[in-house]
Amino acid sequence: MTRSSVAVPDSSPAPDLSSVASAPGASKPDPILCVKQFRKSFGAFTAADVDYLEIQRHAITALIGPNGAGKTTLFNLITGFETADQGSCLFNEHEISNLRNWQIARKGIVRTFQHTRALTKLTVLENMLLAAPRQYGEKLLRSCGWKWRGQDASNTGKAMDLLDRFSLAHMADEYAGTLSGGQRKLLEMARALMAEPELIMLDEPLAGVNPVLGEAILEHIKDVCAGGTTVLFVEHDMPAVQAISDWVVCMAEGIVIAEGTHAEVGQNPLVLEAYLGGSVPRGTVSVSDSESESQTSAEEPEPAASQATSGNQKQQES
Ligand SMILES: Nc1ncnc2c1ncn2[C@@H]1O[C@H](COP(=O)(O)OP(=O)(O)OP(=O)(O)O)[C@@H](O)[C@H]1O
Ligand SMILES: [Mg+2]
């Protein structure tokens with residue numbers, strides 16, 4: 001199998017956010033993404049109502065908040081999987097809120113899903129090739145049962161390099177359905193990187209992942225950022241958030257209630273209240289706690305088309 005040179009790119013310096021105010025809506029030195037008055041309601045219920053939020057380029061930003069806070073909804077709005085009722089989203093200063101999800105992906109924002117979406121009846125490698133930009137994805141999707149024969153050496157090489165990097169190369173020819181929940185999370189991240197995004201958005205990358213694999217995923221996230229890709233990730237596991245985040249944004253009831261470093265946000269009374277008012281105070285959640293809590297979702301069969309599984313639904317599943 002042909003290998004190409006998908007590099008683990010050179011390290012970029014971590015951005016200096018020391019002068020950024022620890023307050024919702026704080027301006028950043030070099031925002032890659034800027035959300036303004038972004039709102040989404042389902043009937044009378046407002047799931048997301050973000051007044052103003054900037055995401056710093058080349059940083060790792062964690063989006064935290066209790067179940068049902070609106071984190072996934074905000075991801076869906078930014079990436080075009082839901083349409084906002086109102087508001088604006090600028091990516092590299094260009095409006096993207098009017099674009100479809102595939103157009104946003106082509107602009108350079110790629111996301112993963114809270115409930116993994118690996119195509120179980122395709123092989124791991126085929127899943128990767130499907131994500132290659134402007135390639136055979138749609139054709140492959142349309143032709144169920146069609147066997148990939150490896151015509152595109154460049155994409156195949158790139159895919160194999162990424163699988164190698166994510167310790168999945170030995171599974172390349174296995175059906176994705178045979179992967180464990182943790183391996184599917186790895187596949188999702190590797191697949192997202194096939195598109196060489198400028199911004200990668202990971203919705204609960206550690207959910208359902210055992211502690212060892214969890215550590216590996218955290219290292220991958222740091223590597224991805226060091227390689228120049230901006231990372232925005234949703235996570236409930238506070239030690240993980242603390243370990244890798246340059247900046248933390250906390251949502252509750254659809255609103256951004258706090259921003260700052262992990263330490264600043266962790267001491268914010270509004271944040272403590274939001275968590276203590278919810279089901280579980282999760283400041284002490286560990287990777288292993290996260291694993292048991294999310295086991296159901298990770299090990300369940302191919303998740304439903306509705307990736308926008310709600311907090312309430314998730315609580316019911318657990
Ligand atoms: N398609 C939908 N229809 C109706 N309500 C929805 C829909 N999507 C989300 N919601 C509701 O919006 C709220 C926010 O959901 P969202 O999934 O964004 O929360 P979250 O912060 O990602 O939670 P979790 O941490 O549990 O994943 C929840 O109360 C949820 O029930
Ligand atoms: Mg969610």
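Which residue in S7 is the bridge partner of Val110? In this predicted model, the partner is Ile200. Local features need pLDDT of at least 70 and side-chain atom pairs count only at pLDDT 80 or more, while totals for chains, interfaces and linings use all residues. Residues are numbered from 1 along each chain as its sequence is written, and chains are lettered from A and ligands numbered from 1 in the order in which they are written.

The protein has 12 helices and 10 strands. Helices (H or I, at least four residues) and strands (E, at least two) are DSSP runs, numbered from the N terminus. The protein has 318 residues, and 44% of them count as buried. A residue is buried if 20 or more other C-beta atoms lie within 10 Å of its own, exposed if 12 or fewer, and partly exposed in between, with C-beta atoms placed from the backbone. Two residues are in contact if their C-beta atoms, placed from the backbone, lie within 7 Å. Among contacts between residues at least 6 apart in sequence, 73% join residues at least 24 apart.

Six strands form an open sheet in the order S6-S7-S8-S3-S9-S10, with mixed pairing. Two strands pair if DSSP finds at least two bridges between them. Strand S6 (109–111) and strand S10 (255–260) stand at the edges. Each has a single partner strand, so one side of each is left without a neighbour in the sheet. The twist averages 20 degrees from one strand to the next. S6 pairs with strand S7 (residues 199–203) in the parallel sense, over three bridges. Helix H1 (residues 71–79) packs on this sheet. H1 touches strand S3 (60–64), S6, S7, strand S8 (230–234) and strand S9 (247–252), and its direction makes about 150 degrees with that of S7. Angles run from 0 to 180 degrees between N-to-C directions, and axes are lines fitted to C-alpha atoms, for helices over the stretch in contact. Helix H10 (residues 269–277) also packs on the sheet, touching S9 and S10. The direction of H10 makes about 130 degrees with that of S10.

Within H10, Val271, Ala274 and Tyr275 are buried. They cover an arc of only 90 degrees around the axis, which puts them on the same side of H10. The arc is that of the directions from the helix axis to the C-beta atoms. Pro269, Glu273 and Gly277 are exposed, on the face turned away from the buried side of H10. The cover over the buried residues of H10 includes S9, S10 and helix H9 (262–266).

A second open sheet has four strands in the order S2-S1-S4-S5, with antiparallel pairing. Strand S2 (45–56) and strand S5 (94–95) stand at its edges. Strand S1 (residues 31–42) and S2 run antiparallel and are joined by 10 bridges. Lys36 has Tyr52 of S2 as its bridge partner. H1 lies across S1, S2 and strand S4 (86–91), at about 65 degrees to S2.

Helix H7 (residues 211–226) has 16 residues. Buried residues of H7 include Leu213, Ile217 and Val224. On the other side of H7, Val212 and Glu219 are exposed. Gly228 follows H7, with a positive phi near 110 degrees.

Definitions and conventions: Expected span 1.5 Å × (residues − 1).
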